[in-house]
Amino acid sequence: MQLIKNEIKKRDHAIKNICCIGAGYVGGPTMAVIADKCPHINITVVDVNKDRIDFWNHPDVNNIPVFEPGLSNIISRVRGVNLHFSTEVNDEISKADMVFLCVNTPTKTKGLGAGKASDLKWIEACARQVAKSAVGHTIVVEKSTLPVRTAKTIQTILESSQPFNSESNGNKTFSVLSNPEFLAEGTAIKDLESPDRVLIGGEDNQAINSLSDIYSNWVPDSKIIKTNLWSSELSKLSANAFLAQRISSINSIAAFCEATGGDVREVAKAIGSDNRIGSKFLQAGPGFGGSCFKKDILNLTYLSEYFGLKEVANYWESVIALNEWQKQRIARKVVDNLFGTISGKSIAILGFSFKANTNDTRESPSIDIAKKLLEEGANLFIHDPKVEKNQIEKDLNIPEFKHSDYDENILRANNEEGSWMYKKSIKDALYNVDAAIILTEWNDYYNIKWDELSLNMRRPAWVFDTRSVVKPDEIKKAGLNLWRLGD
Ligand SMILES: NC(=O)c1ccc[n+]([C@@H]2O[C@H](COP(=O)([O-])OP(=O)(O)OC[C@H]3O[C@@H](n4cnc5c(N)ncnc54)[C@H](O)[C@@H]3O)[C@@H](O)[C@H]2O)c1
C-alpha cells in the first residue's frame, strides 16, 4: 500500500520536460548525464551563443565545444533522442516543467563591487526570460554558483511577472531551488555519475522532491542532502574556498621546502596520511585556475565585507594573494636560473589549460606565467594537447609570431617584447629551446623521452617542472638541469 502511495506521489510531481539555460562547461555535461540516466525526461539545453549550440550539434561528436573524458560517448547516445541543443530560449522555457539556470556568473569588472562581487546580469536576464515565457507551474533551479540570497532576487523577478489585477493570478507559479554543481572539470562525467553528494536547497517540499526524484535515478538517497536555500548557496562558495585554500596552503609549504631543503611531495604524503587532513588536493603546483575558485573567493570576501566581517574577508583574500604570488614566483625562478635574463631566449611552455583533461583556460596559471615571460622578452613555443591556437591568442592578447620561413636568428633578435608560437607537437615545442616549463599535468608530459628530445635543446638547457611530472633521474641522464617546485 505504502509503495503504491509513493508511486502516485512520484507521478504527481514527476518532471517530463527540462530546459537548461546555458550550454557551457556545466550545462552541457550535467544535462548529458541527466539525459543518459533518465530516458523518460526530455531535455533541451539552450544558449544565446549560436556558435556554441552549432558545435554541440556538430555531426562529429569529437567537435563538441567542451572536452571532458567520456562526454562525447554520452552525447552520441542521447543527442537527438532525449537531449537537444537549441537557440530557441523562450520556446523551450514555455515547454518546461523545470528550468535550470546554468549561465556564467563572472566577477564584476566595473561599478559597485567591481573586482569582487559576482556579476549577476546573466542570471537576472534569465530570470526575466523565465518570468516572461513560462507557462503553468515551473520549478526554477539555480545551478550556477551564486551569492547567498540570490534566490530571493530570482523569486522577486519571477513573482513580478504576475499580472497586477488578477484573476489570472496563479496562471504562472514558480518554485525556486538551489542545486549548486560540484563537478570538477577534467573529471566532470565521473563526478556527475557518482557524486560525493547532491545538494538541494529550498522551501517547497514538493519541488525539492521533484528534483531529488530525478537524481534518485542513479544517486543513492543517502547522498542527496536537503537544506534551506541560503545554506545551499553558501555551501557552494564555502566548498570552493576550502579547496582553493588547500592549494594555497600546500604551495606555501612548497616555497618553504625550497628554502629549507624539504621536499613538498614527501611533506604532502606525511601530512596527508593523517585522516583528519586527508591526501586529496595536496599537490603543489603553479597555482589554482579555472573559472570558479578565484571568482567565488572574491565573492565570499565581498559578502564578508558587506556584512561587516572584515577579518573573514582578509582571511580569504590571503588565499588569492598567495596564488598570485606563486605564479610570479615561478616566472622569477625561470629568469633567475637562465642567468638573470630571458630576453631573446626560447622557452617551451608545456600545457596551457588550467589542469589536465580539459580544454578550459579560464584563469589558467599558464596565462599569467606566459605573460610575465613575454614581458621579459622571451620567445615562447606553446604546446597543449587540447587548447586551440585561437584560444591562446585570445588569452595572451598578442598575435602569434608569424614568419613564413622560420628563422631562429629572427626569433632570437625579436627580443623587444617577446613573442609566442603555437606548436602542434612536443617535439616541435622543444626544438632549440633554452628551457621547457611544464605547467599542466597532461599525461603526454609524463611520457616525454627526454634522452631523445633533449638532443635538440640549446645547452645549457633547463626543465622547470611545476607539476611533479618528470623523473629527476631521467632529466639528469639527459644532461639537463632541473628545477622542481617544492624541492
Ligand atoms: N566550470 C566549472 O567547473 C563549474 C563547476 C561548478 C559550478 N560552476 C558554475 O556554473 C556556472 C556556469 O559555469 P560554466 O563554466 O558552465 O560557464 P560557461 O561560460 O561555460 O557557460 C555559460 C553559458 O551561458 C550562456 N548564457 C548566458 N546568458 C544567457 C541567457 N540569458 N540565455 C541563454 N544563454 C545564456 C553563455 O552564452 C554561455 O554559453 C557558473 O556560475 C559557474 O561558477 C562552474
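Predicted model: local features only at pLDDT ≥ 70, side-chain atom pairs only at ≥ 80, totals over all residues.
Figure 1. Over the protein chain, the average pLDDT is 93. A score of at least 70 is reached by 93% of the residues.

**Figure 2. Domain 1 and domain 2 of the protein chain.** Domain 1 covers residues 5-227, and domain 2 covers residues 228-487. Their centres, taken over C-alpha atoms, are 33 Å apart. Domain 1 brings 28 residues to the contact, and domain 2 brings 27 residues.

**Figure 3. The side of domain 1 that touches domain 2.** Helix H7 (150-159) supplies at least two residues of this side, as does strand S7 (198-201). S7 gives the most, with three residues. By residue class, this side of domain 1 holds 13 nonpolar, 10 polar and five charged residues.

**Figure 4. Packing of helices H6 and H7.** Two packed helices are described by the angle between their axes and the distance between the axes. For H6 (residues 121-133) and H7, the axes come within 8 Å. They cross at roughly 35°. The crossing of H6 and H7 is right-handed. Seven residues of the contact of H6 with H7 are nonpolar, one is polar and two are charged.

**Figure 5. The shell around the ligand.** Where does the ligand lie relative to domain 1 and domain 2? Both domain 1 (5-227) and domain 2 (228-487) give residues to the shell, so the ligand lies between them. In total, 28 residues surround the ligand. The closest are Gly-22, Gly-24, Tyr-25, Val-26 and Ser-144. Which helix gives the most to the shell? H6 does, with three residues. The shell divides into 14 nonpolar, 10 polar and four charged residues.

**Figure 6. H6 and H7 in context.** H6 packs against H7 with axes within 8 Å, and H6 also gives three residues to the shell around the ligand. H7 supplies at least two residues of the side of domain 1 that touches domain 2.

Conventions. Residues numbered from 1 in each chain as written. Domains from an automatic or database assignment. Contact = placed C-beta atoms within 7 Å. Helix = DSSP H or I, 4+ residues; strand = E, 2+ residues; numbered from the N terminus. Nonpolar A, V, L, I, M, F, W, Y, C, P; charged D, E, K, R; others polar. pLDDT = per-residue confidence, 0-100. Axes fitted to C-alpha atoms, helices over the stretch in contact; angles between N-to-C directions. Left-handed = near helix turned anticlockwise from the far one by under 90°. Near = placed C-beta within 6 Å.
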